[in-house]
Amino acid sequence: MSKIILSIDISFKQCSITLLINKKYYNISIISKKKHNNNILFIINNILNFKKISIKKIKLIIFSKGPGSLTGIKICFCIIKCFYFIYKIPYLGISTLKIIAEQIWRKFKKKNIIIYINYKSKIFFFSKYIKKKKKWIGKKTEKIIKKKKIEIKSLKKKWLIVTNAIKKIHFKKKYIKKKFLYPNSQDLISIFLNNKKINFKKKINLNYLFKI
């Protein structure tokens, strides 16, 4: 049996849990809004019972480390830390914006992606990700924009814009736009499998776009 990997994303309103066993994905995703603390353990328990897998057999837990809901990400991290201390399961955090880029690639096969998400009234998450071979380049472009509108300047390549704020972006017709999709935990595993050089760190900085 191949390594069993569990991935978790509760960075927005969706609670998404995926289990990878023998190269097959088993996913449960529900819209839970502010009830992540009630749903996450219940879903993990259900998906493990469904496959008759003990939590002790999980070799790695991958989670979305932000940006996104501060409460949701902290709840997720606390649960993962408990699994680490009790069962010694290593864990890895991946950028939520990179996860969204991977999801867009899986659904639409687009390599040049601009992500512009209106998280709260005056908070926008922004990044530009480019897929080169199997890896995503763009971590340094991630930032918070506190503006009502943003202008996407002319670029040499065609970009796909993923957003929930179409009316707040000025861009030329050559850009393709897609409605923002909640991150899916399945894509965390894909990112990990495509990047064998990911380093495991004892300390993971959460919500790194916010100054807390």
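Me: What counts as a helix in this predicted model?
Reply: Helices are DSSP runs of H or I with at least four residues, numbered from the N terminus. Helix H2 covers residues 70-87, and Ile86 lies in H2.

Me: Why is Ile86 called exposed?
Reply: Its relative accessible area is 59%. The cut-off for exposed is over 50%. Therefore Ile86 counts as exposed.

Me: Why is Phe108 called partly exposed?
Reply: Phe108 has a relative accessible area of 30%. Buried needs under 20% and exposed needs over 50%, so a value in between is partly exposed. Phe108 is found in helix H3.

Me: What is Phe108 in contact with, leaving aside neighbours within four places in sequence?
Reply: Lys178 and Leu181. Lys178 is 70 residues from Phe108 along the chain, yet their C-alpha atoms are separated by 9.8 Å.

Me: How many disulfides are there?
Reply: The cut-off is a pair of cysteine sulfur atoms within 2.5 Å. By this rule the count is zero. Cys15 is in no disulfide: the nearest cysteine sulfur, in Cys76, is 8.4 Å away.

Me: Why is Cys15 called buried?
Reply: Cys15 has 0% relative accessibility. Buried means under 20%, so Cys15 qualifies.

Me: What makes helix H4 mostly covered?
Reply: Seven of its nine residues, within 186-194, are buried. They are Gln186, Asp187, Leu188, Ile189, Ser190, Ile191 and Phe192. Their cover includes strands S1, S2, S3, S4 and S5, and helix H3.

Me: Which residues have the most contacts inside the largest nonpolar core?
Reply: Ile8, Ile17, Ile40 and Ile61, in a core of 25 residues. S1, S2, helix H1, S4 and H2 each give two or more residues to this core. A second, separate core has 15 residues, including Ile113, Ile115, Ile123 and Trp136.

Me: What does Ile17 touch, not counting residues up to four places away in sequence?
Reply: Its contacts include Leu6, Ile8, Tyr26, Ile28, Ile40, Ile43, Ile44 and Ile47. Ser7, Asn27 and Ser185 are also among them.

Terms used:
Residues are numbered from 1 along each chain as its sequence is written. This is a predicted model: local features need pLDDT of at least 70, side-chain atom pairs count only at pLDDT 80 or more; totals for chains, interfaces and linings use all residues. Side-chain values use heavy atoms; hydrogens and water are left out. Buried means under 20% relative accessible area, exposed over 50%, partly exposed in between (1.4 Å probe, protein chains only). Contact means heavy atoms within 4.5 Å. A nonpolar core is a set of buried Ala, Val, Leu, Ile, Met, Phe, Trp, Tyr and Cys residues joined through side-chain atoms within 4.5 Å.
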